[in-house]
Amino acid sequence: MKKKMSNRDKTFWAVIIPVVILFFAFNTLPMIKGVIYSFTNYKGYGTYDYVGFRNYADLFTDSRVGKSYLFTFKYALAGTILVNVLSLIMAVGLNSAIRFKSALRGIYFVPNILGGLVIGYIFSFIFTYILPTVGNVFHIGFLQNSILASEKYAWIGVLIVGVWQAVAMNTIIYISGLQTVPEEVYEASMLDGASKWKQFWKVTFPLVMPFVTINLVLSTKNFLMVFDQIMSLTKGGPAQSTESISYLIYKNGMDGGQFGFQSANAVIFFIVIVAISLFQMTVMNRKEEQL
């Protein structure tokens with residue numbers, strides 16, 4: 001005799017089935033189709049032929065793709081370091097006994113709520129009009145021209161915006177980690193005569209190491225996938241100096257008639273991100289065990 005489903009079970013399946021269907025339709029299915037297209041010469045329209053692994057082979061000889069990977073890795077490395085250092089400093093400050101710390105936490109979280117494109121367009125106006133005006137009025141040489149127009153330094157402008165937005169979430173995660181450290185541990189270290197600096201490195205940092213791991217993995221992944229800031233600030237320029245992999249895949253895949261080729265690029269990029277994340281998790285887990 002079949003067991004009758006309870007109302008709780010019915011509610012569970014009523015919620016989970018639509019979610020699974022939507023996830024498959026808008027995430028899994030497009031990913032599978034992208035992998036299939038990566039073996040074709042599809043331009044995004046019309047007919048196409050299967051070309052085997054030719055797209056993958058061409059990726060390793062395409063100078064534009066190579067340049068985009070170099071920029072993306074440089075941007076991700078600098079962004080990950082800056083975000084985690086600044087976030088940890090801010091988290092320590094916001095976790096200390098200061099006035100209005102709850103309000104300050106809310107204020108510092110605002111950048112994460114705003115959309116990447118919105119923030120990008122606001123900073124684009126600041127970099128293009130406000131800062132050059134200030135530079136001309138006060139005769140500050142390096143501010144007189146927009147940093148976004150410099151082939152050499154445009155990536156720094158993009159980095160500033162990316163870091164400013166990413167610090168918010170990482171700070172909240174670090175605050176959560178700091179609040180898990182027992183007060184008794186600090187009291188014991190004070191009795192041993194440990195200074196604040198030594199207390200941080202010998203007591204606090206080892207205990208929040210799992211949160212450091214989370215932030216490193218998430219921030220690296222997010223910086224590698226940078227798109228909104230590029231789209232709103234530079235559109236890959238000047239002279240393709242700030243063209244990230246995500247932007248290149250979008251631009252040439254949608255507008256450049258390279259849908260199949262950029263699908264192969266997306267597959268490789270996905271594998272690279274997964275490999276980097278797994279490497280980070282392995283290394284950081286070992287560090288946690290040592291500490």
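Is the crossing of H6 and H9 left-handed or right-handed? The crossing of these two helices is right-handed, a crossing being right-handed if the near helix is turned clockwise from the far one by less than a right angle. This is a predicted model, in which local features need pLDDT of at least 70 and side-chain atom pairs count only at pLDDT 80 or more, whereas totals for chains, interfaces and linings use all residues. Residues are numbered from 1 along each chain as its sequence is written, and side-chain values use heavy atoms, with hydrogens and water left out.

**Packing of H6 and H9**
- Helix H6 (residues 154-178) packs with helix H9 (residues 209-224) at an angle of about 160°, their axes being 10 Å apart; helices here are DSSP runs (H or I) of at least four residues.
- H6 and H9 are therefore roughly antiparallel to each other, a term for angles over 145 degrees.

**Nonpolar cores**
- The largest nonpolar core has 32 residues, and Tyr-75, Leu-233 and Phe-269 have the most contacts inside it; such a core is a set of buried Ala, Val, Leu, Ile, Met, Phe, Trp, Tyr and Cys residues joined through side-chain atoms within 4.5 Å, where buried means under 20% relative accessible area (1.4 Å probe, protein chains only).
- Helices that each supply at least two residues of this core include H6, H9 and helix H12 (259-290).
- Leaving aside neighbours within four places in sequence, Tyr-75 is in contact with Val-158, Leu-159, Gly-162, Phe-223 and Val-226.

How values were computed: Axes are lines fitted to C-alpha atoms, for helices over the stretch in contact, and angles run from 0 to 180 degrees between N-to-C directions. Angles under 35 degrees count as roughly parallel, over 145 as roughly antiparallel, 65 to 115 as roughly perpendicular and the rest as oblique. Buried means under 20% relative accessible area, exposed over 50%, partly exposed in between (1.4 Å probe, protein chains only). Contact means heavy atoms within 4.5 Å.
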